[in-house]
Amino acid sequence: MKYSLVTGGSRGLGRAICIKLASMGIPVIINYQSNQAAAEEVRDIILASGGQASLMKFDVSKQEEVTSALNSWEKEHPDDYIAYLVNNAGIRRDNVMFMMPDNDWHSVIDITVNGFFYVTRALLPKMMSRKHGGRIVNMTSLSGLKGMAGQTNYSAAKAAIIGATKSLAQEAAARNVTVNAVAPGFIETDMTRDLPQDELKQLVPMKRFGKPEEVAELVGFLCSDSASYITGEVISINGGLY
């Protein structure tokens, strides 16, 4: 059986993506770091609708935790593999660069970039060795494409994911593994709740923030068989804001 893993799957975009993948008939592994109640809520929503879901706790920025959790899962599922990976885990620690503490720089880079590396590297061998290959979708951001004042750390991390996506797509293509990135603009999630939404909506041609479900639909498509010839792409979903 082919499973999906969504990092940072308990809230926001991750939550919507988990629910979408489950609705496509894909068993979902919901990764979370600390908010077990939120992760259990997502799992229960999926189970109530007839889908399959389980929880997997680890901090994506800690290689030992990633390796231990995934090795344990593989031992319990010797005939299965994680064919769909959505690297969604990430945090914001906004500040102008000259006032940015070291920890705010490193924590954003560690979770977004190192987290992508640790989880993806661990799952790639199984994906590349199976006939049906796999799908990797990396969540980047408008910030990674154009940069945003006060987000030097976040923009750097998301831009790194774009470069990694394009390189890994070339490495894995011959093994039927596609690697794409999704770059949301302003989306209604916990991560954007503290932003001046009324002001920012005026910058968006559609005059609104996007919904997590709209992003999840795009991720679902990239994980589907219909997207089997799409790889190395960065697809924006931003209401026309460039």
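**Aromatic pairs and a helix contact**

At 12% relative accessibility, Tyr 3 counts as buried (under 20% relative accessible area; exposed is over 50% and partly exposed in between, with a 1.4 Å probe and protein chains only). Trp 73 is likewise buried, because its relative accessibility is 6%. The model is predicted: local features need pLDDT of at least 70, side-chain atom pairs count only at pLDDT 80 or more, and totals for chains, interfaces and linings use all residues. Residues are numbered from 1 along each chain as its sequence is written, and side-chain values use heavy atoms, without hydrogens and water.

The whole structure holds three aromatic pairs, defined by ring centres within 6.5 Å for Phe, Tyr and Trp (its six-membered ring), with planes under 30 degrees apart stacked, over 60 edge-to-face and the rest tilted. One of them joins Tyr 3 and Trp 73, whose ring centres are 5.1 Å apart and whose planes stand at 80°, so the pair is edge-to-face. Tyr 3 belongs to strand 1 (residues 2–6) and Trp 73 to helix 3 (residues 63–76), so parts 70 residues apart in sequence are tied together. Helices (H or I, at least four residues) and strands (E, at least two) are DSSP runs, numbered from the N terminus.

Phe 186 and Phe 209 form a stacked pair, because their centres are 5.2 Å apart and their planes lie at 15°. Phe 186 counts as buried at 13% relative accessibility, and Phe 209 counts as buried at 1%.
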